[in-house]
Amino acid sequence: MRSGNLGYPRIGKDREWKKALESYWAGKLGEQDFHTELKAIRLRNLKAQQERGIDVIPVGDFTYYDHVLDTAAMFGLVPERFHYEGGYPNLTVYYAMARGSREATACEMTKWFNTNYHYIVPELGEIEPKLTRNRPLDAFREAKSELGIEGRPVLVGLYTFLKLSKGYTPEQLAPWIDRLLPLYGQVLRELEAEGVPWVQIDEPILATTLAAEDLTHVARIYERLTKEAPGIKLQLQTYFEAVDHYEAVVSLPVHGIGLDFVHDGGRNLQAVSKHGFPEDKVLGVGLIDGRGIWKAELQSKLDLLQTIGEAVSADRILVQPSNSLLHVPVSAAQESGLEPTLREALAFAEEKLEELVLLTKAGQSGAGAIASELAVSKRSREALQQSPSRARKHVGQRIADLASQPSSRSGHADVRREAQQQRWNLPLLPTTTIGSFPQTPEIRSARLKWRKGEWSDSQYEAFIKEQIKLWIDVQSELGLDVFVHGEFERNDMVEFFGEKLDGFAFTANGWVQSYGSRCVKPPIIYGDVEFTSPMTVAETVYAQSLTEAPVKGMLTGPITILNWSFVRDDKPREEVAYQIALSLRDEVEALEAAGIGMIQVDEPAMREGLPLKREQWSHYLDWAVRAFRLSTSTVKDETQIHTHMCYCEFHDIIDSIRAMDADVISIETSRSHGELIGSFEEHTYDKGIGLGVYDIHSPRVSTVEEIGSMIDRALRVLSPEQFWINPDCGLKTRKYEETVASLRNMVLATEQAREKY
Ligand code: GLN
Ligand code: ZN
């Protein structure tokens, strides 16, 4: 039995990777120094794994931005607009693909399966692929010569790569496989010639819902690849769910299969027990949670290992994390600010490596070999379990009583619409924004001063009030219909609420990569979530006191708070969602009681929580919708509930969106406007709806005509009585001038539209 890892966080203990990238982009770090710095980080990451005694260390998973982009770059798949001249793309081209340049818009970015990591979507189009550089080979050589590590090169599998790419029709899939096969073959042959014994090929697509033809393609790919380089062994790695069609997958002509035994709902284990596992293959046992941050309960992991051991001999077992550790922070050892019971229960990447080594040791020599560590792991989990925060009485009662908590509005949508229209008498095509206004350096530095104690609470509050006042004035000068206070007091839409609710903790350094150099530090939900006192009322009421126009209260919804946090693993996620929902309901009621008549509960992460397997969608959507409704259902008919979602593919969850029963929904559309609106041709939607009329991700100011044509397009399928005019998403990343200019054009375009409709 051996221990293996599947991938390591790139960012470094102090996010030095992020800092290096950003300095390079800002021109503060020259190209040569940049390469030197990244190499140092890369080697440190390898060393961290070597020092902890991991047997199989992945190489080539490190990146200058994203590993899918690297794969595209390696095959020369660079869209024409980047003026690429062949060879491995230089840094200018590489980063233009990732981030855009003056002449060319960036490639699209989207979520990596059901994680919060985003990859750059390869565009295949007309380009003829070729191997521009054997990255895995370079990585192998470097690890060997610099650190004496015989690493295992990692590749994004051909089928996963194609399925995640765009720019081809379904009929072109097979030809694309044919085009890429020789290149993958070449990569493998060169590795073989170097004497590399094993390669890890990631095919997480095998853990999604597959059709029969997918399996045919995959079988063809691996039959060919094993022939291309017969001297090299392929470890086919899956993760994030149970594999669909276990028997077909494990009989693929490769030398090892890696399975996730953490996020599989027990199905991988059932399959192994029922069908056995081929005797000529190595099983990568994904045993340690590569996405969660909790210490493993080592004894139960050992039990699992033992069950698997009944089907697979020990010499063919690799003890692994469930997936690349890219999705967890680097080191829990640094978190000295946390309460000891909590800190002791955490395991980030470094600690997970230690767990892997321990489990391997026990797998080799019996549980006795790690007796004291088993006891420690048990104790630290139990200590957390016994902490009072884990079982708050009031929360427990409310959850026990869930069935009697209102989860639908008392008045029907039509009655509410009437009552709300009477209350505000809004014009046709009301204009509004999504919530945040620019978070300027001035605001950030004010918050920092306050956090450091250089500013008193009242000083900071006065500053925030000034900002609110400034933007209330801007909104009235622009002539918007529904105002917002601007969210200046929030640096993050989840952290802000987490800090005010019971049950959350915040790490000092628990960063994970979200996309490119952008890292997030998700809060930890470790205890029962409970409302303590109003969180947003003061700012909202202050804003409302400055204007006659309605000011929308602004909250982050339960599902988004859940999906953007690390969540305790002793309770079902849906129960945690209900706890958050009930806490938010208290806030909604507090806003309403303070006279706020429109309340927006944002759920940008609703869609991204969807399970990988289709058959589990409805269960998730049911409880997600229920949580949203629990938080928004107790208000009066005349109180208008809004919600907002980002990058929402509408058509496949339309029933759930309807079921949320929000009076008004706004959806980010700029990146797929036509498509989204098109979906209303097939699906009716009868409540208030705003489809973003300009893209907030770009500093470019849309013209009145452009916005006007967005409105016209939407009004071909939606009625003017239901349509709202708003930007795509919050404006916090934009500058003052851009924001004002864009909103001005939005209002002008709306005025023109009002004449027409
Ligand atoms: N209200 C939030 C904002 O305007 C919504 C952000 C989001 O959708 N991600 O920033
Ligand atoms: Zn948004």
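Tutor: A cavity is a set of points, on a 1 Å grid over the protein atoms alone, where a 1.4 Å probe fits but cannot get out; lining residues have an atom within 4 Å of a point. Grid points are joined across faces, edges and corners, and a volume is the space filled by probe spheres set on the points. The model is predicted, so local features need pLDDT of at least 70 and side-chain atom pairs count only at pLDDT 80 or more, while totals for chains, interfaces and linings use all residues. Residues are numbered from 1 along each chain as its sequence is written, chains are lettered from A and ligands numbered from 1 in the order in which they are written, and side-chain values use heavy atoms, with hydrogens and water left out.

Searching the whole structure gives 6 cavities of 30 Å³ or more. The largest cavity has a volume of about 260 Å³. Its lining comprises 22 residues, and those nearest its centre are Asp61, His67, Val154, Val156 and Asp202. Three elements contribute two or more residues to this lining: helix H3 (67-74), helix H5 (135-147) and strand E5 (152-156). H3 gives the largest share of the lining, 4 residues. By type, the lining of the largest cavity splits into 10 nonpolar, 7 polar and 5 charged residues. In this count Ala, Val, Leu, Ile, Met, Phe, Trp, Tyr, Cys and Pro are nonpolar, Asp, Glu, Lys and Arg are charged, and the others, Gly among them, are polar.

Strand E5 also holds Leu155. Leu155 has a relative accessible area of 3% and is therefore buried; buried means under 20%, exposed over 50% and partly exposed in between, with a 1.4 Å probe and protein chains only. The C-alpha atoms of Leu155 and Gly60 are 7.6 Å apart in space, although the two residues are 95 apart in sequence.

Glu126 sits in the loop between strand E4 (118-120) and H5, and its relative accessibility of 76% makes it exposed.

A pocket is an open set of grid points with protein on both sides within 12 Å along at least five of seven lines. The second largest pocket contains about 1700 Å³ of space. It is lined by 42 residues, and Thr110, Lys111, Tyr119, Arg607 and Glu649 are the closest to its centre. At least two lining residues come from each of strand E3 (109-111), E4, helix H6 (158-164) and helix H25 (673-682). The lining of this pocket has 18 nonpolar, 11 polar and 13 charged residues.

Next comes the metal site. His644 (NE2), Cys646 (SG) and Cys729 (SG) coordinate the zinc ion (ligand 2) at 2.0 to 2.2 Å. Donors are N, O and S atoms within 2.8 Å of the metal (3.2 Å for Na, K and Ca); water is not among the atoms, so sites may look incomplete. The arrangement is tetrahedral because the 4 donor atoms subtend angles of 88 to 121°, the requirement for four donors being that all angles lie between 85 and 135 degrees. Along the chain, the donors of this zinc ion are spaced H-x1-C-x82-C. Distant parts of the chain are linked here: His644 is in strand E19 (residues 640-645), and Cys729, 85 residues away, is in the loop between strand E22 (723-724) and helix H27 (736-756). Both His644 and Cys729 are buried. Cys729 has a relative accessible area of 16%, and Cys646, at 12%, is buried too. The structure holds 0 disulfides, a disulfide being a pair of cysteine sulfur atoms within 2.5 Å.

Lys732 lies in the loop between E22 and H27 and, at 29% relative accessibility, is partly exposed.

Methods. Tetrahedral: all angles 85-135°; square planar, octahedral: opposite > 155°, others 65-115°.
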